[in-house]
Structure formats: structure tokens, C-alpha cells
Amino acid sequence: YSLTEEDVLVRNMILINGRRDDLILDRMFSAQYDFKRSAFKLLKLDGAWLRERHTNQMPLTYGVFKIDSKKGVSSSDHNPFFALQETEASERFGDTYGFNLIYSGSFEALIEVSPHDLTRVVHGINSFDFKWRLKPNERFITPESISTYSPHGLAGMRDNLHRFTNQRIIKDSRERPILYNNWEATYFAFNTRKILKLARAAKRLGAECFCLDDGWFGARDDDSRSLGDWTEHPKKLKHGLPKLARKINRIGLKFGLWVEPEMVNEDSDLYRKHPEWAIRHPASEPARGRRQLMLDLSNDAVIDYLYDTLSALFERVGVDYVKWDMNRNLSDVYSQTRPAVEQGKLAHLYVLGLYRLLGRLKSRFPKLLFESCASGGNRFDLGLHYYMSQAWTSDNTDAYARLTIQRGTALAYPLSCISNHINDDVAHQTLRQVPLESRYNVAAFGVLGLELDTTALSLFQKRVIRDQLKHYKVYRKLFQQGRLYDLSETDADQRLLVVNDTLDQAVLGLFQGVLKPNPSYQHVRLVGLDPEKTYRITARKQAANLKTFGNLIRHALPIRLKAHGTLFNALAARYRFYEPDYTVTATGEHLMGKGLKLPYRFTGSGYHEDLRITPDFGSKLYMIEEVSHG
């Protein structure tokens, strides 16, 4: 048992075999929690690839309810985090208990309500396909389970968990750089010339680090080959990674690299040399997730090979950032180098081997910034965050869909580790078109990046993104380290508020889905401010594209334009249409009591200066800063 200053209780179990013969361990949880009541509702984070960690809520009733993963990873299906709230509790009121597991493998949580209205929670490694043989005097140590309590609803629970993760797990308060990642701009089709063009354009927009994604190694022209062969692709990178990295550095960007070290393609030099290193049964045909197999990280030889190979690569190239990917789940769970009696240990040994590898790399490269990725958010957990300061939240870069993912993720994990990118005009995963300003407004809540073709942007897009990145740099610490409150009322009216520790700066984000005709007036009651302070609230200056208005543009501009004509299209590619400034001054007491009254949204009566322009998937950011009386 450990109790931290963040009001988080940390528990785990240690079993020592004091017998003279072997002990077979079939199941061992990390912690058990008992409550003398049953009037709870359960909140959990469920999903799948591209829709990870959506918040689901259900009342508890008699019987046993299970949340688990059998995939060898914490999984995007069900996150190890969950919460129990008294039935009338809400965002800011009522008894709330939060639970999580510092572990990256298959897990299991059981919540039981007995006929006597008692509630029991157990949490730990999944007992499915688990069998651990302990020899005399050997010990087995379970992962740590954490729990927290707050009488102040989800907000109090969230705050405890965020502070705990930042202080005890991540322990890295560095401001995260604005990343440019080339994946959605190029996929596998790139060469040195294309990469440098993208990097120069990204630098002009304000990016600070360039990450070269999948396709740079071996004969990697698609996802069927070369995983495991961590040497440069001879046609794409004729002059090698070190020279490319130096050129990227001269442009003014740090250099980052994508790797997927835990995997191997059968069409690779590594597999041809060491087929026994792959997890598969030699007598059967394996499942091939993303046309690849997993390396056996229970094997010390594999750990040593990966450590030596990656260390040499990082040092030779001069890498500042690593995107560590993992694109399939564990299956065919069989180690070709272990006896039959030890096969039940493989899934857990895999996780311990991963931690051992990451620990060695972190010790050798203490300044290297690691980002965890697993087909997006398939392994978003506290175990990985101990080694990797941030995580790619989802492969879904559609800002409207992403907002739900980020809100769910932030129930348990702080903004400092939630990595988000501004995507292209058309989302690659949904074909949805979200306004460029909304793409920034969503991505800004956490660690910001870019995921688009910087060489194909219009002048309008370049100017808007440049302004966005300048804004983020001014308020970066607030977006990454601030205290988050979720003030959302419905999925069609989502509201996020972040307040800094000294209560003199905050940001309010308003996000809508499909615009409702003749919408109601909006008053937003803020929280977390100092009632004695006076604040100035200013709308972030946002630009609308002329195409948003169609023929209505003739009523908003002093010149008459034909919608979609040559002149109209030329202006739309260049001209930024700004709304009038919005500034309000009020005390914290007023903002938390009466609330912030916002301008009316466009409702079909023509444009005038007292309206907000919020089309479908529109959004606004309001910066809240203490007024200095000096």
C-alpha cells in the first residue's frame, strides 16, 4: 500500500513461494476493494480502432460485471480505467471513485454487487491463458492498481488522476514540441526530396520537430515486408538517415523517427535469420495482423538484439523523438524457445520484456522524447506512460470524431500525454470536412502536431495554420499542463475548460456538431476560477473561408461576388474573413455564478456584426486572463 500526495492509493500483491515444491499460480489480482453499498453507476472507456475510449455509463445491478482485454495489450476495446459514482453524482458533485492499472498487457476488472447490496472490485492481470510456475523461494509481483476518491464528482477524480500521472508516472514537465508527421501526406510513397519539401513547408508554418513515419527502411514499399530490418531504404533514402537528419536540423527542426520494434514481417532478413524469434506455434499457420508477426519479448536474445539495434540507430542518426508503434494484438501465444510448462507465462513475460527494453533505452537516451502508438490508441495505459511521455491518441484525425475520443481519454489521462494533430481538409478515416479552425481548436487540448501535406496548402490555409501555431506557442503550458473541466451538456454542445495552477489564465473551448436552426442563446457558467479576480475574456481571432458563406458573401463584403466564380475562388484561397472582436471583462464570481453570455449564432437572417459564425462542426476558443491592476 502507498498513499500519495495526490490522494491516490497504490496497491499490489507479492506472493513468495515458501514451500519445498513448485507452486502453480492460476490467478492473482493486484487489489480488492469492498464497499458497503451498491447504489453506483459504472463509467468505462470502450471502443475500437478509430473510435477509442468513448465514455459509457451504466447502473450497477446484482451479479458480476467484467471489463477486460485478452489481446496481450491494454486494448482500444476496453481501457483499464473505470469509475464508480453514486447514482446522483455528476461532473462536479457526488462521491466518485476512479481505478486504473499500471500495466500494458491483458487485464481484468470484476465488479460484483452481492444480494446484500455490497460491492466488490478486483483488478489485475487477466487470468485467461495465464499459468505461472513459482519455484521454491521465487516471488511473483503483480502490477500496481491505483484508486482515488473525490466527493467532487468526475472533476475531482480527474484532477487527482491527472496530478498523479504527471507527478508519479510521466515525471516529465518539458513543454512538448509541435510535431509534423508525414504519414497522411505520403503514406509509403516518398523520397528524400519530398521529405525535405514537407519539412521546409512545416517549418514555415511553425512546426518544431519532423517525424519520418513508416516506409523509410529495408524494402518497405507496403506493409508486407521489412519489419525488423532497421536500415535505410536504398531507393528512398540514397544518402542515408544521418544526412537527412542533419538537413532537417539545418531547416530548424528536430528530427524524429517512426519504428515498430516489437514486430517482424516474414519477408525480412531478420525473420529469415531468426524465425524462432517470432511468436507462433511451429505446427500451425499463424494469424497475421497487418501482415506481420510479433517478436518474442520473453526471449532475452530478442531484447538484447533490439536494444543494440535501436541504440545504434538512434546514435548514428541523431534522433530527438521516437514514435514507437505496435500495429497488432497478441495471438498464437506460443514461445518457440520455451518449454511447454512455461507457455502460460508468455503474455506477461512479453510485457515485462517490453518494460525492460524501454527501461534500458530510456537510461541510455534520457533526453529522447518517446511517443507511444499502437494502431493509434490500442495501448494507451499508465504502464507505457512511465516510459513514454505522450501517446498517439487515435489513428482517427477527424476533429469532430476525435473530440469524443479526447474527452474520454482525459477522464483518466492528463493533457500532457494526449497527442493530437491538425489533419487535411478531408479526414482520411471518415471523409468528413471539418473547418480548419475547429481542427486546431480540438487538437490544441493536449500535445499539438500536424498531419497533412504542407506542400499542397492554399495561401489561406498557410496563413491560418501559421496563426494557430503562434497562438499555441503562447498558451502551450496551459494546454499541456492545465487543469481540465468538462462542461459539456450534450454531444452536440461540447465544452472544455482548462485553468492553470495560479488561476490567472484559462481557455474555454466550445464545440458543436450539426448546427441546429434557430439555436438557443448560450450562457456558460465557468468553474475553477478565483472569485476575487477580474478576468478579461477574448475570443481567439479565427478566420472563416469565403466558401462557408456561398452567395451570402455578397451581404458581408463591400463588393458583390458571384459564388464559386473565378474571382470568388481566388479570394477564397487567399482571404481570411474575420469575425468582429469579442471581449468581456468580469469577475470570477460573476463568471462562475451568472456565467458568460455569448453572441448569438448565425440563424439564416443574413450576416451582421453581432453574430457568431459556427457552421456544422464549428467551434470557438475564448482566452480568459486576469486583468492586471498594476
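Trainee: Which helix gives the most to the positive patch?
Mentor: Helix 3, residues 192–205, gives the most, with four residues. Helices (H or I, at least four residues) and strands (E, at least two) are DSSP runs numbered from the N terminus. This is a predicted model, in which local features need pLDDT of at least 70 and side-chain atom pairs 80 or more, while totals use all residues. Residues are numbered from 1 along each chain, and side-chain values use heavy atoms, without hydrogens or water.

Trainee: Which residues form that positive patch?
Mentor: Arg 193, Lys 197, Arg 200, Arg 204 and Lys 462 form the positive surface patch. Patch residues have over 30% relative accessible area and no salt bridge, with like charges joined within 9 Å and nonpolar side chains within 5 Å.

Trainee: Why is Arg 200 counted as partly exposed?
Mentor: Arg 200, which is found in helix 3, is partly exposed because its relative accessible area is 40%. Buried means under 20%, exposed over 50%, and partly exposed in between (1.4 Å probe).

Trainee: What makes the nonpolar surface patch?
Mentor: Ile 14, Ile 16 and Ile 141 make a nonpolar patch of about 270 Å². Ile 141 belongs to strand 14, residues 139–141, and counts as partly exposed at 44% relative accessibility.

Trainee: How many helices and strands does the protein chain have?
Mentor: The protein chain has 15 helices and 37 strands. Its C-alpha trace spans about 90 × 70 × 45 Å along the principal axes, and buried residues make up 59% of the 630 residues.

Trainee: Is Asn 160 buried or exposed?
Mentor: Asn 160 counts as buried, at 6% relative accessibility. Asn 160 lies in helix 1, residues 153–170. In sequence, Asn 160 and Ala 412 are 252 residues apart, yet their C-alpha atoms are 9.3 Å apart in space.

Trainee: How many salt bridges does the structure hold?
Mentor: The structure holds 46 salt bridges, each a side-chain nitrogen of Lys or Arg within 4 Å of a carboxyl oxygen of Asp or Glu. One of them joins Arg 174 and Asp 172, with the closest N and O atoms 2.9 Å apart. Arg 174 is partly exposed, with a relative accessible area of 36%, whereas Asp 172 is buried at 14%.

Trainee: What do Glu 315 and Arg 364 do?
Mentor: Their side chains meet in a salt bridge, 3.0 Å from N to O. Glu 315 lies in helix 6 (residues 300–317) and Arg 364 in helix 7 (residues 346–364), so the pair ties together parts 49 residues apart in sequence. Glu 315 counts as partly exposed at 47% relative accessibility, and Arg 364 is partly exposed with a relative accessible area of 39%.

Notes:
Areas by Shrake-Rupley, 256 points an atom, 1.4 Å probe, with all protein chains shown as cover. Lys, Arg positive; Asp, Glu negative; His and termini not counted. Charge placed at Lys NZ, Arg CZ, Asp CG, Glu CD.
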